[in-house]
Amino acid sequence: MDTNQSETPAPEVIAHGLRRIRLRRWILWVVLIIYLPTMWLAQQVTRSFHGALPVFFAWVLLLIIATAWSAAVRCPRCGNYYHVNGMMLLYLRRCLHCQLPLTADREKN
Ligand SMILES: [Zn+2]
């Protein structure tokens with residue numbers, strides 16, 4: 001049985017997939033942004049850089065998880081990893097394989 005892989009999925013499937021990609025990108029951004037206020041707060045509380053180290057390592061762990069989670073998201077159109085091509089991890093606003101834009105479900109054309 002021959003299944004056509006190049007066939008474009010239904011718009012609601014694309015929209016659902018893109019929403020998931022945007023959510024994971026957003027979470028990665030949040031993790032990156034909380035670094036400075038979190039480290040500042042940790043140093044205020046512990047009164048030393050050394051005391052804030054556990055917080056730093058917890059943040060690094062969180063960053064690794066958020067990066068892996070956002071990298072593992074698949075493109076709803078071509079089924080490949082949206083941000084990964086070979087050994088490359090790139091956070092572009094389009095799929096690295098089929099060029100599906102991140103906001104394709106919002107564009108009316
Ligand atoms: Zn794709």
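View 1. Leaving aside neighbours within four places in sequence, Val55 is in contact with Thr38, Met39 and Ala42, where contact means heavy atoms within 4.5 Å. Val55 is found in helix α3; helices (H or I, at least four residues) and strands (E, at least two) are DSSP runs, numbered from the N terminus. The relative accessible area of Val55 is 29%, so the residue counts as partly exposed. Buried means under 20% relative accessible area, exposed over 50%, and partly exposed in between, with a 1.4 Å probe and protein chains only. Val55 and Asn80 are 25 residues apart along the chain, and their C-alpha atoms are separated by 35 Å.

The model is predicted: local features need pLDDT of at least 70, side-chain atom pairs count only at pLDDT 80 or more, and totals for chains, interfaces and linings use all residues. Residues are numbered from 1 along each chain as its sequence is written, and side-chain values use heavy atoms, with hydrogens and water left out.

**View 2. The whole chain.** The chain has three helices and two strands, and from the N terminus on its elements run α-α-α-β-β. Its radius of gyration is 18 Å, whereas a compact globule of 109 residues would have a value near 13 Å. The radius is taken over C-alpha atoms, and the globule rule is 2.2 Å times the number of residues to the power 0.38. Along the principal axes, the C-alpha atoms fill a box of roughly 65 × 30 × 20 Å. Of the 109 residues, 26% are buried. Among contacts between residues at least 6 apart in sequence, 47% join residues at least 24 apart.

**View 3. Surface and charges of the chain.** The accessible surface comes to about 7800 Å², and 64% of it belongs to carbon and sulfur atoms. Accessible areas come from the Shrake-Rupley method with a 1.4 Å probe; for residues, only the protein chains shown count as cover.

**View 4. The salt bridge between Arg22 and Asp105.** The two side chains meet at 3.1 Å, N to O. Arg22 lies in helix α1 (residues 11-33) and Asp105 in the segment after β2 (88-89), so the pair ties together parts that are 83 residues apart in sequence. A salt bridge is a side-chain nitrogen of Lys or Arg within 4 Å of a carboxyl oxygen of Asp or Glu, and by this rule the count comes to one. Arg22 is buried, at 17% relative accessible area. Asp105 is partly exposed, at 22%.

**View 5. Val31 and its contacts.** Val31 is placed in helix α1 and is buried, with a relative accessible area of 7%. Not counting residues up to four places away in sequence, Val31 touches Trp59, Leu62, Leu63 and Ala66. The C-alpha atoms of Val31 and Ile65 are 9.9 Å apart, with 34 residues of separation along the chain.

**View 6. Val60 in helix α3 and Tyr35.** Val60 is found in helix α3 and is partly exposed, at 26% relative accessible area. From C-alpha to C-alpha, Val60 and Tyr35 are 9.2 Å apart in space, and they are 25 residues apart in sequence.

**View 7. Gly79 in the loop between α3 and β1.** This loop runs between α3 (49-71) and β1 (84-85). Gly79 is partly exposed, with a relative accessible area of 32%. A C-alpha separation of 9.2 Å lies between Gly79 and His97, which are 18 residues apart along the chain.

View 8. Most residues other than glycine have a negative phi. Arg47, a residue other than glycine, has a positive phi near 65 degrees. Arg47 lies in the loop between α2 (35-46) and α3 and counts as exposed, at 71% relative accessibility. Gln99 also has a positive phi, near 65 degrees, and is a residue other than glycine. Gln99 is found in the segment after β2, and its relative accessible area of 40% makes it partly exposed.
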